[in-house]
Amino acid sequence: MSSQQDDLKETDTEARFEFKKEEKSAFKSEKGLTEETVRVISEDKDEPEWMLERRLRALEQFQEMPMPTDWPGQPDLSEVDIDEIVPYIRPDIETRGGADSWEDLPEEIQDTFDKLGIPEAEKNALSGVGAQYESEIVYQNMQERWEEKGVIFCDMDKAVQEHEEIVREHFMTKCVPPSDNKFAALHGAIWSGGSFVYVPENTTVEMPVQAYFRMNSEGMGQFEHTLIIAEEGSEVHYIEGCSAPKYSAFNLHSGGVEVFVGEDAHVQYSTVQNWSKNTYNLNTKRAIAEKGGRMEWISGSMGSKATMLYPSTILKGRGASDNHITIAFAGEGQDIDTGAKVYHNAPNTKSTVESKSIAKDGGRTNYRGLVHIADGAENSSTAVECDALMFDNESTSDTMPYMEINESKVDVAHEATVGKIGDEDIFYLQSRGLDDDDAKQMIVSGFIEPITEELPIEYAVELNRLVELEMEGSLG
C-alpha cells in the first residue's frame with residue numbers, strides 16, 4: 001500500500017471536506033447576472049455563436065420567470081439573491097480544459113483533490129475521472145482502452161468545441177429546456193464546466209467514471225452541466241461527488257444533468273452531495289429512456305442549508321424502466337426537499353422509487369414526488385416507498401406524493417412510514433456493549449443500507465462516514 005493511501009485512510013473525513021484554500025483565479029466575473037456577464041463568460045470560453053444565443057435566450061426566460069414560492073412546504077429561498085453571487089471563476093491553471101496529469105496542477109488544487117481522495121480512487125476503481133474546481137474542469141482523464149472503443153469522457157467546454165454537432169442537438173433542447181423552471185433557465189444562461197459522456201452502441205464500460213465538483217470560493221455559484229448519451233445496447237455508471245467548505249456568505253449550486261438512454265441501454269447515475277450548510281442546492285436532472293432502456297438514480301443529499309432536488313425520468317419507449325433510490329439527511333437549520341418524478345409515456349414501462357430520510361436537531365426532510373402514467377401506457381407499473389427516521393420531537397419529515405393515473409390497466413403502489421429511534425432499540429444495543437452514539441449510528445447504517453449496497457465499496461464507506469459526521473454535528 002502506498003504512503004499516500006495510508007495518509008488518506010488516516011485522514012479524518014471531516015477534515016477532508018471542511019478545509020479551505022486561498023482563492024486564486026485567472027478570471028473572475030462581477031457579481032450578478034446581466035447580459036454583459038453572459039457575453040463575457042461565452043467570450044472567455046471562445047464559444048460558437050449558437051451557444052451564446054442559447055445563453056441569451058435562457059437569460060430572457062430567467063428574467064421573466066418568478067422565483068418559486070408557492071409550493072406547499074417548500075424550503076425558504078428568500079436569501080437567494082442572484083445579484084450577490086459570483087457566477088464564474090476560472091481557476092488559475094495553465095491548461096484550459098483540464099490537465100492530463102495531477103502533477104501539472106497548481107499545488108493548492110492538487111492538495112484539494114488529494115485530500116478528497118480523487119487521484120487514489122482513479123487508480124483503484126474508476127475508468128475515468130473529471131475534477132472541477134470553481135467554474136471549470138481542471139483535470140480530465142479516461143483509460144485508453146475505453147477511448148479505443150469510442151467512449152468519450154471529456155469536459156463540457158471541450159465537447160462544445162470538439163463534438164459540436166452532437167452537443168448542439170442534445171444540449172438543453174429535448175431533456176431539460178431552460179423553460180422548465182427558473183433555475184434551469186439560470187443554469188442555461190451561465191453554465192460552466194461539467195462532463196460529457198458518450199458511449200457507442202453495444203459498449204459496456206465495466207468500471208464507473210466519476211466527476212467531482214468542488215466550490216472553494218466564498219459567495220460563488222457553481223453551474224456545471226452533465227450530458228450523458230448512451231447509445232443502443234450500451235452501459236455506463238457515472239458517479240458524481242460534490243463538496244464545499246463553509247463560509248459566512250451563501251453559495252449557490254444549480255447544476256444541470258441530461259441523460260439520454262438508448263434502446264436496451266443502461267445508465268446508472270450515482271451522486272453523493274456534501275455541500276456546506278451555507279449552500280443552496282437547486283438542481284435540475286432528467287433522463288429520457290427509449291424502448292427497453294433502463295435508468296437508475298442513486299442520490300445521497302446532505303450538508304446544504306436548503307436542497308430542492310427531484311431527478312426525473314421520461315419513459316418514452318415500450319418496456320423502458322426507471323429506479324430511484326434516495327437518502328436525505330437534515331440537521332439543525334437544514335431543509336432538505338428531495339424526491340423523484342417519473343413519466344410513463346409508453347406501455348409496459350416500470351418504475352420504482354425508494355426514499356430514505358433522516359432528521360435530527362430540528363431539521364426537516366420532505367419527499368416530493370410525481371408519478372404520471374399517460375393514457376395508453378397500459379401494463380405499466382410503479383411502486384413508491386418512503387421511509388423517514390427522526391431523532392427528536394423538534395425534527396419533521398413530510399411526504400408529498402402525487403399520482404396522475406390516466407390509464408386503467410396499470411399497477412400502482414405507495415407506502416410511507418415515519419418512525420423515531422426508540423429507547424428500547426438503544427437499550428438493546430447498549431446491552432450488547434455499544435454506547436449511545438454507536439447504537440444510534442448502527443440503527444441509521446441499517447436504515448440506509450439499501451442505498452449504500454448499490455454503491456461501489458469506496459463510496460458506500462464514505463457515505464456512511466458522512467452520515468455519522470452529520471449525526472455528530474461535525475460537518476459545516
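Of the 476 residues in the protein chain, 60% are buried, where buried means under 20% relative accessible area, exposed over 50% and partly exposed in between, with a 1.4 Å probe and protein chains only. The model is predicted, so local features need pLDDT of at least 70 and side-chain atom pairs count only at pLDDT 80 or more, while totals for chains, interfaces and linings use all residues. Residues are numbered from 1 along each chain as its sequence is written, and side-chain values use heavy atoms, with hydrogens and water left out.

The secondary structure comprises 13 helices and 26 strands; these are DSSP runs numbered from the N terminus, helices being H or I of at least four residues and strands E of at least two. Among contacts (heavy atoms within 4.5 Å) between residues at least 6 apart in sequence, 84% join residues at least 24 apart.

Leaving aside residues up to four places away in sequence, Glu164 touches Pro48, Trp50 and Ala159. Pro48 lies 116 residues from Glu164 along the chain, with 8.9 Å between their C-alpha atoms.

Glu263 sits in the loop between strand S12 (256-261) and strand S13 (266-274). With a relative accessible area of 35%, Glu263 is therefore partly exposed.
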